[in-house]
Every structure is written in C-alpha cells, then in structure tokens.
Amino acid sequence: YALTMSTSMRQPFCEALATTALGAAQNSPAASKIGPKGFSLEDGENQLLQTFLSDEHGRLASQHVTIQRSLSRGLWLSHEKVVEVTTQKGVCWATHGYMSNGKLFLTPEEAVFLMESGTLEVFSAGLPMSIHQAYHTLVKPHNLQLYQVYAFLKRAGYIVHKKTYSDVSILEAWRCRKFPFRKSHLGAPDYRLLIASISDPFPTNTGLHQWAGLTPPAPLWCAVVDGSNVAFYTLQCTEMV
C-alpha cells in the first residue's frame, strides 16, 4: 500500500491547501464572483482575529488565583526538559504523566496545561513559575505547535499522550470512556496525529509509511497549525495496482 495525497509530498501545507481551495472555488458556480480579495481577510474577520489575540494576551497577563493547599507541585528539570512531580493532589494523575525509576514525570505540554487548569505549581531554581514564564520556558523553545494541538484536544475532552519516534514528536489521543483509564494498559489510541505548521512541507512518503505502520495500529491524522487555528486532515492508505 501507499499513503497518497492529491498534491506534491514536499509542497508546503499553505500552498497545497490554497491550491485545493482555489480548485474548489473555480469549479463552483460562484467562481466568477471571486476577485483578488477572494481569499483575504475581510474587515470583520480581521477584527475578530485581533480580538482573539487581545483576549489571549490578557489571559496570559492576568493573575490566576488558586488554593495553595489543593495544588500539586513539580520541579522543572531543564536538562531533561521534563517536570518531576513532587506532590500529587487530585484525580488528574490517572491520565497525566509517566513513571520512571519510581518517580512521576510530566512532559512540558502536560505541565503547562495543568498549570493553566489551576491544578499544578511548577518550581524552577527554588521559585514558583508564573504561567507566562512557564509558557515561554517550557513550550516555546521546543514546539509551540505541538502544545497548541495538545491543549486543543485536551479541552475537547480527549486523553492525550506525546510519543517520540525517530526524533519526531507525535500525539496519541483516546476518547474519554466511562471505564477507568489505566496508563499501564493504554490500548490502541483512537487517533495518532502528526503536527505541522501551515508553512511546513508535507512529510515524506517514507516517513508516512513509518508512522502508519506503528503498533498498535491507529488512524493517522495530520494537525495543521495556522496561527491560533488548528485544522485536522486524514491520511488515507491506498493500494497500488
């Protein structure tokens, strides 16, 4: 089998998606009405975007009030790029973190999300981190797009874990179920997601074969980040004849 796409495998996402949108528009009855501004932001859309960005800035700059005695605590290990959980409180640990040598660790994405949720306090050099500081220290230097997709899926109610294969980080997502979720017996994920920016080239066909062949098998999706927006695309396997 082969994983195929309708566009060149090395074409940037922005060009490929624009080509697809333009082709659909040209084949539609309204194609003759699309002028030079057909795919540009209208005044209202631009205002909505600016409002969203302003709200995000305000959210990061605002104070987050939490009850200290209900907070879990962790220590940022800069060399390992993980957070070691030193105090566990609450029920979130059934689906967050991983055990290593008898200790519980969080990925940067998990730590920042739990800080935003008001359930975790992270310390660095003996001092507690603000959410703004954690956002810039834990996430931005490594993979901002990965965190955007992670947080999007978590807010949608999914259980999400990060995996790294051949130095490439992907996300595995499970729908929330009524029965208890055990990290020691994850089972097959409902989705396996590659993460890309809108300006990134498509993954190579060899890479797609590798990720599609991971076990346990799961549908392969691609999450494309464009600014503050996240779009999801399925990658289909096609038999070659």
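**A loop to start with**

Where is the place of Pro-216? Pro-216 sits in the loop between α6 (205-212) and β11 (220-226). A cis peptide bond, with omega at about -5 degrees, joins Thr-215 to Pro-216. Helices (H or I, at least four residues) and strands (E, at least two) are DSSP runs, numbered from the N terminus.

**About the model**

This is a predicted model, in which local features need pLDDT of at least 70 and side-chain atom pairs count only at pLDDT 80 or more, while totals for chains, interfaces and linings use all residues. Residues are numbered from 1 along each chain as its sequence is written, and side-chain values use heavy atoms, leaving out hydrogens and water.

**The whole protein**

The protein has six helices and 13 strands. Of its 241 residues, 36% are buried; buried means under 20% relative accessible area, exposed over 50%, and partly exposed in between (1.4 Å probe, protein chains only).

Now look at helix α3 (residues 108-116) and helix α5 (residues 144-155): their axes come within 10 Å and cross at roughly 50 degrees. Axes are lines fitted to C-alpha atoms, for helices over the stretch in contact, and angles run from 0 to 180 degrees between N-to-C directions. On the α3 side, the contact is made by Glu-109, Glu-110, Val-112, Phe-113 and Glu-116. From α5 come Leu-146, Tyr-147, Tyr-150, Ala-151, Lys-154 and Arg-155. By class, this contact has six nonpolar, no polar and five charged residues. Here Ala, Val, Leu, Ile, Met, Phe, Trp, Tyr, Cys and Pro count as nonpolar, Asp, Glu, Lys and Arg as charged, and the others, Gly among them, as polar.

Asn-101 lies in the loop between β4 (98-100) and β5 (103-106). Its phi is near 55 degrees, a positive value in a residue other than glycine. Asn-101 has a relative accessible area of 77%, so it is exposed. Ala-125, in the loop between β6 (120-124) and β7 (127-128), also has a positive phi, near 55 degrees. Ala-125 counts as exposed because its relative accessibility is 78%.

Arg-73 belongs to strand β2 (residues 72-77). At 23% relative accessibility, Arg-73 counts as partly exposed.

Definitions and conventions. Contact = heavy atoms within 4.5 Å.
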